[in-house]
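Here's a quick briefing for anyone meeting this structure for the first time.

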Amino acid sequence: MRNTILNVRAFELCNCMIKKQCQNLTRKYCTDEAKYTLEKKKIIHPYRKLHPWKSLDKFSQYLLNNIIYNKDGLVAINKPYGISAKQPNINENADKVYSKVPNAADYTLSDSIPYIAKKLGYPELVVVKAPEKFMSGVTLLAANVTTQEAIQSSYVKAIGMNLLNKVYWIVTIRTSNQMQGKEHLCLKKEWNSSRSESKVIISDSWSKNAQKQRRVRILNVQFDVISNSTNNLSSLIELKASTTKWHALRLFASTRLYTPILGDNIYGTRIHKVGGAWLLVNPFTEAYQLPEVDSELLKLLHLTKAKQELIPCHIHARRVLLPKFLDEECLTLEAPLIPPLDWTCQQLKFKNIPEFEEKEKVEVSL
């Protein structure tokens with residue numbers, strides 16, 4: 001009997017030791033992004049899952065599933081973040097890439113065009129208008145020359161009508177200093193004293209001669225704050241801009257609204273907090289570093305300061321307006337929010353987002 005009791009106690013002690021060793025191993029390999037238990041699976045942060053495709057076929061099917069318009073030879077796709085329209089030039093300097101995508105897929109829209117064209121029954125498709133690589137949103141493809149020319153003509157007509165036909169949504173790292181506005185500005189390069197380096201700045205004055213010689217780019221902007229986040233940590237802003245060249249949206253948000261775009265590691269440091277006030281800094285003295293983001297905002301995004309580099313640049317090409325397009329008086333193409341903006345907007349509890357409100361109505365009715 002005594003031997004039996006000793007054996008039982010020895011067995012319990014052995015189980016206890018094994019359990020403790022498992023717990024120690026769990027703690028040792030646990031990270032902020034992935035918590036392990038004996039029962040739970042690995043939890044991956046949404047910003048690490050921006051490119052979930054394991055093959056070109058999967059990527060192409062994803063694009064096919066995200067077609068938002070297909071009529072009269074015009075195909076509009078909701079382009080995912082971190083995807084280029086075509087392969088970059090060999091001469092492009094890789095060191096100047098300030099935005100990174102974890103486990104990025106090396107695919108382009110051009111790689112999937114034959115697949116999409118075949119599935120839609122077109123002999124071919126051509127990318128006519130696409131947001132830059134580190135944006136998501138409305139991308140226009142044409143199935144024939146007539147449609148391609150109609151798109152280009154519509155853009156020209158928009159200029160003649162003083163219509164800003166490209167609409168973007170951005171998420172910022174703090175609330176905007178203005179709720180809405182309209183500005184007529186220019187982008188130009190400013191040189192340092194030795195003229196060895198230039199930086200792009202926004203100015204509200206320029207000469208006619210500079211404009212004629214194309215030394216400046218005109219930037220017409222309209223903006224409207226859609227919503228502020230919970231605890232007023234961030235803003236969701238709608239921007240209408242005449243150009244996105246030279247990263248105009250990033251520069252405008254940072255140096256005119258004094259609220260850099262979330263994930264903007266190019267111009268996010270153009271303003272610094274000095275004595276409780278946000279001030280512009282000399283662009284030639286800025287060193288490459290991550291913008292200052294409120295710790296409470298990072299907490300809502302389930303990130304720490306050390307993991308801030310994971311944040312993608314939050315710019316979404318929300319709408320494109322095509323005035324006088326073929327038989328349409330004005331064709332409006334709208335792309336719903338997709339990663340990373342959809343998850344971020346939910347975390348920050350922004351209001352006035354139609355697709356979120358519709359989802360809430362459906363859930364309530366169920």
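## A buried charged pair, and what surrounds it

Arginine 319 and glutamate 238 are both buried. This is a predicted model, and in it the side chains of these two residues meet in a salt bridge, with 2.8 Å from N to O. Arginine 319 sits in strand E12 and glutamate 238 in strand E9 (residues 235–241), so the bridge ties together parts that are 81 residues apart in sequence.

**The big picture**

- The protein has 366 residues, and 42% of them count as buried.
- Its secondary structure comes to 9 helices and 13 strands.
- Among contacts in the protein with a separation of 6 or more, 64% are between residues 24 or more positions apart.

**More on the salt bridges**

- The count of salt bridges comes to 10.
- Arginine 318 pairs up with glutamate 334, and their closest N and O atoms are 3.3 Å apart.
- That pair has arginine 318 in strand E12 and glutamate 334 in strand E13 (residues 330–334), so it ties together parts that are 16 residues apart in sequence.
- What about exposure? Arginine 318 has 0% relative accessibility, so it counts as buried, while glutamate 334, at 36%, counts as partly exposed.
- Thanks to shared partners, salt bridges join Glu238, Arg318, Arg319, Glu334 and Glu355 into one network.
- Elsewhere, glutamate 309 and lysine 100 meet through their side chains in a salt bridge, at 3.8 Å from N to O.
- Those two residues are 209 residues apart, and the pair links distant parts of the chain: glutamate 309 is in the loop between helix H7 (295–300) and strand E12 (315–323), and lysine 100 is in the loop between strand E2 (74–79) and helix H3 (109–120).
- Glutamate 309 is partly exposed because its relative accessibility is 39%, between the 20% and 50% cut-offs.
- Lysine 100 reaches 55% relative accessible area, which is over 50%, so lysine 100 counts as exposed.

**Helices to look for**

- Helix H2 (residues 56–65) packs with H3 at an angle of about 60 degrees, and their axes are 9 Å apart.
- That angle makes H2 and H3 oblique to each other, and H2 passes H3 in a right-handed crossing.
- Residues of H2 that meet H3 include Leu56, Phe59 and Leu63, and on the H3 side the residues include Leu109, Tyr115 and Ile116.
- Helix H6 (residues 248–255) has 8 of its 8 residues buried, so it is largely enclosed by the rest of the structure.
- Among the buried residues of H6 are Leu249, Arg250, Leu251 and Phe252.

**Around strand E9**

- Serine 229 is in the loop between strand E8 (216–228) and E9.
- Serine 229 has a relative accessible area of 5%, so it counts as buried.
- The side chain of serine 229 reaches the backbone nitrogen of leucine 233 at 3.1 Å.
- Leaving out residues up to four places away in sequence, serine 229 touches Ser234, Leu348 and Phe350.
- Glutamine 180 belongs to strand E6 (residues 180–191), and with 56% relative accessibility it counts as exposed.
- The C-alpha atoms of glutamine 180 and glutamate 238 are 9.2 Å apart, and the two residues are separated by 58 residues along the chain.
- Glutamine 180 touches Phe223 and Asp224, again not counting residues up to four places away in sequence.

- Where does a cis peptide bond turn up? One joins proline 339 and proline 340, with omega at about 10 degrees.
- Proline 340 is in the loop between E13 and helix H8 (341–348).
- Asparagine 103 isn't a glycine, yet its phi is positive, near 55 degrees.
- Asparagine 103 lies in the loop between E2 and H3, and it is exposed, with a relative accessible area of 64%.
- Histidine 247 is not a glycine either, and its phi is positive at about 55 degrees.
- You'll find histidine 247 in the loop between E9 and H6, where it is partly exposed, with a relative accessible area of 28%.

How values were computed. Residues numbered from 1 in each chain as written. Predicted model: local features only at pLDDT ≥ 70, side-chain atom pairs only at ≥ 80, totals over all residues. Heavy atoms only, no water. Salt bridge = Lys/Arg side-chain N within 4 Å of Asp/Glu carboxyl O. Helix = DSSP H or I, 4+ residues; strand = E, 2+ residues; numbered from the N terminus. Buried < 20%, exposed > 50% of the residue type's maximum accessible area, 1.4 Å probe, protein only. Polar contact = N/O pair within 3.5 Å; in protein donor to acceptor, adjacent residues only side chain to side chain. Contact = heavy atoms within 4.5 Å. Axes fitted to C-alpha atoms, helices over the stretch in contact; angles between N-to-C directions. Parallel < 35°, antiparallel > 145°, perpendicular 65-115°, else oblique. Left-handed = near helix turned anticlockwise from the far one by under 90°.
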